[in-house]
Amino acid sequence: MPSNRLHRALIVSHKPVGRGYYRLVLKAPEAARSALPGQFVMLRVSDTLDPLLARPFGISAVISRSSLEILYRVVGKGTTMLTTAKAGQSLSLLGPLGKGFPRPEKKTVPVLVAGGSGFPPLHFLAQRAGSRTHLFLGARNKECLPPADIVRSFKELADKVHIATDDGSAGQQGTSTDILDAFLTKTERREHLVLYACGPHAMLAAVSKIAAEHAIPCYVSMEERMACGLGACMGCSVPMKAGGYKRACKEGPVFDSREIDWSEQVLLKLKR
Amino acid sequence: MRKTKDNKSAIRKETRPDRIGKSAIESPDLSIDFAGIKLKNPVLTASGTFGYGEEFAEFVDLNKLGGVIVKGISLKPIKGNPPPRIWETPSGMLNAIGLENPGVDVFLNEKMPYLRKYDTAVFVNMFGYSLEEYVGVAERLDGAQGISGIEVNISCPNVKAGGMAFGTDLRATFELLSAVRKATRLPLIAKLSPNVTDVTAFARAAADAGCDGLSLINTLLGMAIDVRCRKPRLANCTGGLSGPAIRPVAVRMVWQAARSVSLPIIGMGGIVTGEDAMEFLLAGASAVAVGTANFINPRATLDVLDGIEGFMREQKIADLREIIGKVDAG
Ligand SMILES: Cc1cc2nc3c(=O)[nH]c(=O)nc-3n(C[C@H](O)[C@H](O)[C@H](O)COP(=O)(O)OP(=O)(O)OC[C@H]3O[C@@H](n4cnc5c(N)ncnc54)[C@H](O)[C@@H]3O)c2cc1C
Ligand SMILES: Cc1cc2nc3c(=O)[nH]c(=O)nc-3n(C[C@H](O)[C@H](O)[C@H](O)COP(=O)(O)O)c2cc1C
Ligand code: FES
């Protein structure tokens, strides 16, 4: 029963793309064929035992139906080691994993909201969601935005890209949630709008609140620490309003924002 | 399902010339009798790292395993600790899951029927917050079908009330295991805490209480700190260390316990390869459990099994009994 979710994926290309990000293209035909926007993979950055665990990465695109694209930011030990992997080598890859974003319906106007390094899964969604899409990008300053090539790609895929930076160095001054709120307030026909968000928890909590105020459905992708990616370790728990936890790797990473207990989520972050 | 690595190796195995005229050494005997339980081979899954089997069935034919030890079960459902629950450390990880589980009734009704479909031994890991809860779970498991044995966790470092509180006190260990012993006829395996000065005293207490086997080790109590925020990395502050980082400690404890009691031992702690498993067998374990390695390679159990078999063939060992406890310690 060799599983078709465990792969040795050949590195097709691997290059820095600016602003601290790398673009990694991995050949994994079975994974590429079944991948859905919002799903992720667990990638081992080397075959040694340190770092031990695989790293979770969203799928940012499917390329020529046989390869997966990953866009990652170098933040620590694992991602630093990953930068040394060369085209022609192969890496152990598990996926696609988790439940993706619910597929936008024909009439849906998808409104994507990305914060920090949360844009990769939304890029894949933009590829599949059609040209009515709006994208909101927020960052501290211009240098913290996604790489310029990615922003350009988003502009080609979407109807409109709205940008905000805290210091006003690109787009409007403010946060992505400020400009999202303003956009929703002035939009008259809201019945087909659906929000899809990925980014830091505080931003997701804010987007979720705005969605509730405007009575718009909202799906958030929760990036938790993960060990197995398969629902076995119970490490990736997300607090639920109904009580208890759900696993980001199995029941998520995408959740209906109304399900999540944001008070506990935000409280925990504030404590840290 | 094209030419995956697995397919290729499966084909290769069937046509291997050395498998044709099967002498004892070319196909070594991996089966063992563990406390009266027949196991196909000595490779089990460590509790809490393999879910309830189902999570890994896509990667591992459960029929090929010596047995499955399931995630810890309690009398009532347990919500678990707030996140973050895990943190990676050099060649290891800290976890403070807090024994989240759906409770014994849901386990028996929803998880056990799935496991019963397989021809593999099922060991149910269980715990409680009081002696009465331990006894309650044991009583319920006693009547259930398809369970080969109970692994009693007296060593979880992540719950304040029960778990390790029992496993680090000799008298409490003896009293608890004696009470559980009375509650079930199933083979009882005591999972000992490594967070004690002298593990052999606890091994003897388990033997005196009437246990049929030992499991060791559970995770080592640890802590990691985010030096910039000056906060613990885990919401629970402390957690259990597992993975290759703890293997030398685990091998040492198995060796000590094996020399002090005659109970069979399931050895675990950082096993990733067949050779890792051989260390435990030589130290005196009769079986091994693969834990954290399942997270980095969902097929780790089968890789360990292949590794053991390959090692036996290479060393011309026909039967596992030629290895168990046979470290030459002078
Ligand atoms: C479902 C999911 C999808 C993700 N998609 C992407 C993506 O498309 N692109 C991308 O750049 N990153 C993504 N991440 C985050 C990525 O997994 C982490 O940045 C990575 O694991 C860090 O590894 P490291 O060894 O370099 O960092 P470490 O040395 O382990 O840690 C460095 C810093 O990264 C943070 N971090 C570590 N692991 C995680 C994690 N699992 N989730 C969030 N933060 C973490 C730590 O809090 C720490 O501050 C995703 C995470 C999840 C759970
Ligand atoms: C995430 C996680 C959850 C665990 N849950 C349990 C549990 O419920 N009951 C138990 O007795 N041991 C539990 N353990 C301990 C393992 O079964 C094993 O004893 C330990 O991890 C050492 O083996 P390893 O280094 O191969 O992982 C858990 C370990 C991990 C990493
Ligand atoms: S990462 Fe292990 S359960 Fe989600």
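Predicted model: local features only at pLDDT ≥ 70, side-chain atom pairs only at ≥ 80, totals over all residues.
Residues are numbered from 1 along each chain as its sequence is written, chains are lettered from A and ligands numbered from 1 in the order in which they are written, and side-chain values use heavy atoms, with hydrogens and water left out.

**Ligand 1**

- Ligand 1 is surrounded by 18 residues, each with a heavy atom within 4 Å. Arg55(A), Pro56(A), Gly78(A), Thr79(A) and Arg225(A) are the closest.
- At least two shell residues each come from strand E4 (55–58), strand E6 (67–73) and helix H2 (77–82) of chain A. E4(A) gives the most, with 4 residues. Helices (H or I, at least four residues) and strands (E, at least two) are DSSP runs, numbered from the N terminus.
- The shell has 8 nonpolar, 4 polar and 6 charged residues. Ala, Val, Leu, Ile, Met, Phe, Trp, Tyr, Cys and Pro count as nonpolar, Asp, Glu, Lys and Arg as charged, and the others, Gly among them, as polar.
- A backbone N or O atom of Gly78(A) sits 2.6 Å from an oxygen atom of ligand 1. For Leu71(A), a backbone N or O atom is 2.9 Å from a ligand 1 nitrogen atom.
- A polar side-chain atom of Glu223(A) is 3.3 Å from a nitrogen atom of ligand 1.

**Ligand 2**

- Residues from chains A and B surround ligand 2, so the site is shared between chains.
- The shell holds 24 residues, and the closest are Ser47(B), Lys191(B), Gly243(B), Gly270(B) and Thr292(B).
- Oxygen atoms of ligand 2 lie 2.7 Å from a polar backbone atom of Ser47(B), 2.8 Å from a polar side-chain atom of Lys191(B) and 3.2 Å from a polar side-chain atom of Asn153(B).
- The protein buries 98% of the 600 Å² that ligand 2 exposes when taken alone; areas come from the Shrake-Rupley method with a 1.4 Å probe.

**Aromatic residues**

- Over all chains, the structure holds 11 aromatic pairs (ring centres within 6.5 Å; planes under 30 degrees apart are stacked, over 60 edge-to-face, the rest tilted).
- Tyr52(B) and Phe107(B) form a tilted pair, 5.8 Å centre to centre with 45° between the planes.
- Tyr22(A), Phe57(A) and Tyr72(A) form one aromatic cluster.

Methods: Polar contact = N/O pair within 3.5 Å; in protein donor to acceptor, adjacent residues only side chain to side chain. Phe/Tyr/Trp six-rings, centres within 6.5 Å; stacked < 30°, edge-to-face > 60°.
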